[in-house]
Amino acid sequence: LIQYRLAPDMLPFRSQVYIACDAAKLCAARLSGIDAPKFEDNESTLADLQQRVQKTLDWLATVPASAIDGQEQRAVTFPVGKGGSRTMLGEDYLKAWALPNLFFHVTTAYAILRHNGVALGKRDYLAGPEA
C-alpha cells in the first residue's frame with residue numbers, strides 16, 4: 001500500500017504522507033522562524049508512516065503560538081520547483097500556498113487509501129479517528 005499510486009505519473013502514498021508532514025512543519029517553521037526537524041524519508045511500513053505523522057504533530061505542538069501570531073506581514077521565501085524560489089507575505093503564504101499544498105497531499109493520500117478499500121469516510125477526513 002505505501003508504494004501504491006493512483007496514476008503512473010503520481011507520487012506514491014508514502015510520498016504523499018512525507019510531503020504532507022513536511023508541508024505542515026515547514027509552514028510553522030517559516031512563519032515562526034524556528035528550524036523544523038528533518039526526517040529521513042525512510043519509512044517502509046504503514047506503522048512507520050503513522051509514527052512520522054505523530055512525530056510531526058508532536059513537533060508542531062512545541063511551536064508556541066506567540067512565535068506565529070503577528071507574522072501576517074513577514075516575508076516568507078521558500079523553494080519552488082527545481083532551483084527556484086518565491087516570496088510571499090506570511091498570511092498569503094499560509095492561505096494561498098502552505099495550506100492548499102498540505103490539503104492536496106492529505107487528500108491524495110486519503111484517495112489512495114479509499115481506492116485500496118480502506119473504510120474511510122468524510123467524517124474520518126474532517127474529524128479524525130476520535131469522531
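The views below come from a predicted model, in which local features need pLDDT of at least 70, side-chain atom pairs count only at pLDDT 80 or more, and totals for chains, interfaces and linings use all residues. Residues are numbered from 1 along each chain as its sequence is written, and side-chain values use heavy atoms, with hydrogens and water left out.

**View 1. Helices H1 and H2 run roughly parallel to each other.** Helices (H or I, at least four residues) and strands (E, at least two) are DSSP runs, numbered from the N terminus. The axes of H1 (residues 13–32) and H2 (residues 46–60) come within 10 Å and cross at roughly 5°; axes are lines fitted to C-alpha atoms, for helices over the stretch in contact, and angles run from 0 to 180 degrees between N-to-C directions. Contact means heavy atoms within 4.5 Å. On the H1 side, look for residues including Phe 13, Val 17, Tyr 18 and Cys 21, and on the H2 side for Leu 49, Val 53 and Trp 59, among others. The residues of this contact divide into 12 nonpolar, one polar and four charged (Ala, Val, Leu, Ile, Met, Phe, Trp, Tyr, Cys and Pro count as nonpolar, Asp, Glu, Lys and Arg as charged, and the others, Gly among them, as polar).

**View 2. Arg 52 sits in helix H2.** With a relative accessible area of 0%, Arg 52 is buried (under 20% is buried, over 50% exposed, and in between partly exposed, using a 1.4 Å probe and protein chains only). The side chains of Arg 52 and Asp 22 make a polar contact at 3.1 Å. Such a contact is a pair of N or O atoms within 3.5 Å; within protein, one must be able to donate a hydrogen and the other to accept it, and residues adjacent in sequence count only if both atoms are side-chain atoms. Leaving aside neighbours within four places in sequence, Arg 52 also has contacts that include Tyr 18, Phe 39 and Glu 43.

**View 3. Three aromatic pairs are found in the structure.** Rings of Phe, Tyr and Trp (its six-membered ring) pair if their centres lie within 6.5 Å; planes under 30 degrees apart count as stacked, over 60 as edge-to-face and the rest as tilted. The rings of Phe 78 and Tyr 93 are tilted, with centres 5.0 Å apart and planes at 45°. Phe 78 belongs to strand E1 (residues 75–80) and Tyr 93 to helix H4, 15 residues apart. Phe 78 is buried at 1% relative accessibility, and Tyr 93 is buried at 2%. Ring pairs link Phe 78, Tyr 93 and Trp 97 into a cluster.

**View 4. Tyr 110 and Tyr 125 form an edge-to-face pair.** Their ring centres are 5.4 Å apart and their planes stand at 70°. Tyr 110 lies in helix H4 and Tyr 125 in helix H5 (residues 122–127). Tyr 110 is buried at 17% relative accessibility, whereas Tyr 125 is partly exposed at 30%.

**View 5. Thr 108 has its place in helix H4 (residues 90–115).** Thr 108 is buried, at 7% relative accessible area. Its side chain reaches the backbone oxygen of Phe 104 at 2.8 Å. Not counting residues up to four places away in sequence, Thr 108 touches Met 10 and Gln 16.

Note on methods:
Angles under 35 degrees count as roughly parallel, over 145 as roughly antiparallel, 65 to 115 as roughly perpendicular and the rest as oblique.
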